[in-house]
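This briefing goes through one protein chain by topic. Please look at the sequence and the structure first; the notes follow.

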Amino acid sequence: MTVPGGRRTPMPIPTPRDLLRKKGRPLVAINGEGRVCGILMFTEIDHVHEEMLRKKEEQDREKPQRQLFRFPHMGMWTKLRPGIWNFLDRASKLYELHVYTMGNRVYATEMAKVLDPTGTLFAGRVISKGDEADLDGDDRLPKSKDLDGVLGMESAVVIIDDSARVWPHHRHNLIVVERYMYFPCSRRQFGLPGLSLLEADVDERPEDGTLASSLAVIEKIHHNFFSNKQLHEVDVREFLAAEQQKILKDCKVVFSRVFPVGEAQPHLHPLWQMAEQFGAVCTTQIDDEVTHVVALAPGTDKVNWALATGRYVVYPGWLEASALLYRRANERDFSITMNHFPCPPH
């Protein structure tokens, strides 16, 4: 995994055979901000929520494993995602962990101290890509990332991030996780309605959140990786793809007014590609094998047919949740019915 840290000159990359002979473990590269933690600049918080954070931090200091940190010298708050300590502990026993951040060296150094105070998890394997600018404004926008500086071959590296767009050359290595929306600015940044976790005074449940799902996936990949006696032939990308194909393998999906009317190439739409990546069969026409209609609202012919014949009718969020959690999401949480217009889950 890759964790926040300083920029390094790319190291010579060994062959998978050399890598596994020397280290005995594949690698996981974790992107820091928004995946394992949330960040908030002092300038982005009002007085009410500032006081709330200060009280929470005082309570948090007494805990053996803190989650909330205030960095006055950087003008920033950081909140670790629930379940991060269990994730790092278990993952470090199976993988060589790296931290990757788009923040600057100061931020990366502080995050390394927070996530690995003893230096045993990452052993200095922290890569920073933001040394030319401070962590504010445009630095939070998606940028292209690569595996330069990560010592290992693509066939032995798993990446954990919240966006496939920023890894154009390594998408098959990527486990996409849900962004951690703890602070109000996180939701505003992405134009999302509703309250942040801080504003609602709640937090994620570590036992069934995105970190727990990611941990289960990388544990399966590790098992499959070392079940093969020919380690020089194995490829984590093949194992990851196989796990993804299991999620929706019994589903046949048709979309109803999700794409623009007259769309000539619906198979290029991100939702169509996501559904197929995770094992579903997609089609443009209804037939007896269709199990799900994905729509934005009731009232279309396809939705009416599905409701009349007992098929699932769901918002697109059902596909997205299934992909993020690496398990088939409960259709009832995303269902569209004839009688009302429920708000799509966020």
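Residues 24 or more positions apart account for 68% of the chain's contacts with a separation of 6 or more, contact meaning heavy atoms within 4.5 Å. The model is predicted: local features need pLDDT of at least 70, side-chain atom pairs count only at pLDDT 80 or more, and totals for chains, interfaces and linings use all residues. Residues are numbered from 1 along each chain as its sequence is written, and side-chain values use heavy atoms, with hydrogens and water left out.

**Whole chain**
- The secondary structure comes to 11 helices and 13 strands; helices (H or I, at least four residues) and strands (E, at least two) are DSSP runs numbered from the N terminus.
- Of the 346 residues, 50% count as buried, that is, under 20% relative accessible area with a 1.4 Å probe, protein chains only.
- The chain exposes about 17000 Å², of which carbon and sulfur atoms supply 52%; the areas come from the Shrake-Rupley method with a 1.4 Å probe.

**Confidence**
- Mean pLDDT, the predictor's confidence in each residue from 0 to 100, is 84 for the chain, and 83% of the residues reach 70 or more.
- Over residues 1–19 the pLDDT stays under 50, and the model has 80 contacts beyond four places in sequence for them.
- Residues 340–346 also have pLDDT below 50, with 12 contacts in the model beyond near neighbours in sequence.

**A sheet and its helices**
- An open, antiparallel sheet is formed by 3 strands in the order E3-E5-E4; two strands pair if DSSP finds at least two bridges between them.
- Its edge strands, E3 (37–41) and E4 (68–71), each pair on one side only.
- From one strand to the next the twist averages 15°; axes are lines fitted to C-alpha atoms, for helices over the stretch in contact, and angles run from 0 to 180 degrees between N-to-C directions.
- E4 pairs with E5 (residues 76–80) in the antiparallel sense over 4 bridges, and Phe 69 has Thr 78 in E5 as its bridge partner.
- Helix H2 (residues 47–60) packs on the sheet, touching E3, E4 and E5, and its direction makes about 115° with that of E4.
- Helix H4 (residues 105–115) also packs on the sheet and touches E3, E4 and E5; its direction makes about 35° with that of E5.

**Helix H11**
- In H11 (residues 317–325) the buried residues are Gly 317, Trp 318, Leu 319, Ala 321, Ser 322 and Ala 323.
- Their cover includes helices H8 (236–247) and H9 (270–277), and strands E10 (252–256), E12 (292–295) and E13 (312–314).
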